[in-house]
Amino acid sequence: MEEPRPDRKAEPESDGEPPDFKSLTDPEDVVRGKRTRDDFFDAVLGLSKPATASDVAELAGRGVDAAREYLEWFEELGIVTRVTETPATYQRNQAYLNWRRVQRLRDEYSDDDLLGFLQAESERSKSFSEQFDAESPEAVSITKHASATGRSIEDVWEDVSAWKTARRRVDLLERALTSGSAGDANERTAV
């Protein structure tokens with residue numbers, strides 16, 4: 001067995017000392033990366049209303065000219081849509097992002113996996129429906145339910161949010177299963 005290089009050996013006097021966490025790279029920098037495209041992509045994903053190039057540049061921590069170029073490119077890709085011309089404002093294209101999520105589900109999981117996830121999320125959604133005695137989370141008055149059940153508003157809000165999440169997942173999983181079946185059918189008929 002080879003002896004490790006000297007720079008990979010622990011110093012005897014450093015045994016037992018905790019690492020210097022301040023000297024390590026900030027985790028946010030590791031996740032965020034240094035690519036301008038990623039900064040602008042993160043910025044447009046965070047848009048909740050139409051924004052100008054200046055708004056997006058500020059969110060991305062980049063220049064306005066670069067924001068204009070990336071927004072035009074993102075518009076061509078369908079990631080954002082232009083809302084107004086002067087000043088040019090853009091908003092996140094949620095339909096495109098949902099399509100990407102469906103494609104990712106199709107790529108990463110088998111039909112059996114997707115069916116299992118759909119079953120679990122459907123049961124979760126049904127459980128919330130029974131808990132709130134309502135057809136949808138939008139039909140629940142958080143304050144009235146909290147008052148009637150003696151629960152905190154925060155607890156009720158968390159359950160309603162979880163119910164909305166379960167319903168969104170059911171929708172995406174159904175689309176993934178449906179698009180997979182249609183794609184398979186098209187492939188079979190084309191051969």
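1. **Nonpolar core.** In this predicted model, the largest nonpolar core holds 17 residues. Those with the most contacts inside it are Phe-40, Val-44, Val-56, Leu-71, Phe-74, Ile-79 and Val-80. A nonpolar core here is a set of buried Ala, Val, Leu, Ile, Met, Phe, Trp, Tyr and Cys residues joined through side-chain atoms within 4.5 Å. Buried means under 20% relative accessible area, exposed over 50%, and partly exposed in between, with a 1.4 Å probe and protein chains only.

2. **Who supplies the core.** At least two core residues come from each of helix 2 (36-45), helix 3 (53-60), helix 4 (64-77) and helix 5 (94-108). Helix 3 gives the largest share, 4 residues. Helices (H or I, at least four residues) and strands (E, at least two) are DSSP runs, numbered from the N terminus. Leu-71 touches Val-44, Ala-53, Val-56, Val-80 and Tyr-90, leaving aside residues up to four places away in sequence. Contact means heavy atoms within 4.5 Å.

3. **Basis of the values.** Residues are numbered from 1 along each chain as its sequence is written, and side-chain values use heavy atoms, with hydrogens and water left out. The model is predicted: local features need pLDDT of at least 70, side-chain atom pairs count only at pLDDT 80 or more, and totals for chains, interfaces and linings use all residues.

4. **Overall layout.** The chain has 8 helices and 3 strands. From the N terminus the order is α-α-β-α-α-β-β-α-α-α-α. Of its 191 residues, 25% count as buried. Among contacts with a separation of 6 or more, 54% are between residues 24 or more positions apart.

5. The 3 strands make an open, antiparallel sheet in the order 1-3-2. Strand 1 (51-52) and strand 2 (80-84) are at the edges with a single partner strand each, so one side of each lacks a neighbour in the sheet. Two strands pair if DSSP finds at least two bridges between them.

6. **Strand pairs.** Strand 1 is joined to strand 3 (residues 89-92) by 2 bridges. In this pair Thr-52 stands opposite Thr-89. Strand 2 is joined to strand 3 by 4 bridges, again antiparallel. Here Arg-82 stands opposite Tyr-90. A hairpin through 4 residues links strand 2 to strand 3.

7. **Largest pocket.** The volume is about 310 Å³. The lining has 15 residues, with Phe-41, Leu-45, Tyr-96, Leu-97 and Arg-100 nearest the centre. Helix 2, helix 4 and helix 5 each give two or more lining residues. The largest share, 6 residues, is from helix 5. On a 1 Å grid over the protein atoms alone, a pocket is an open set of points where a 1.4 Å probe fits, with protein on both sides within 12 Å along at least five of seven lines; lining residues have an atom within 4 Å of a point. Volume is the space filled by probe spheres set on the points, which are joined across faces, edges and corners.

8. **His-145.** Is His-145 buried or exposed? His-145 is buried, at a relative accessible area of 15%. His-145 sits in helix 7 (residues 142-149). His-145 touches Gln-131, Phe-132, Val-140, Arg-151 and Val-156, not counting residues up to four places away in sequence.
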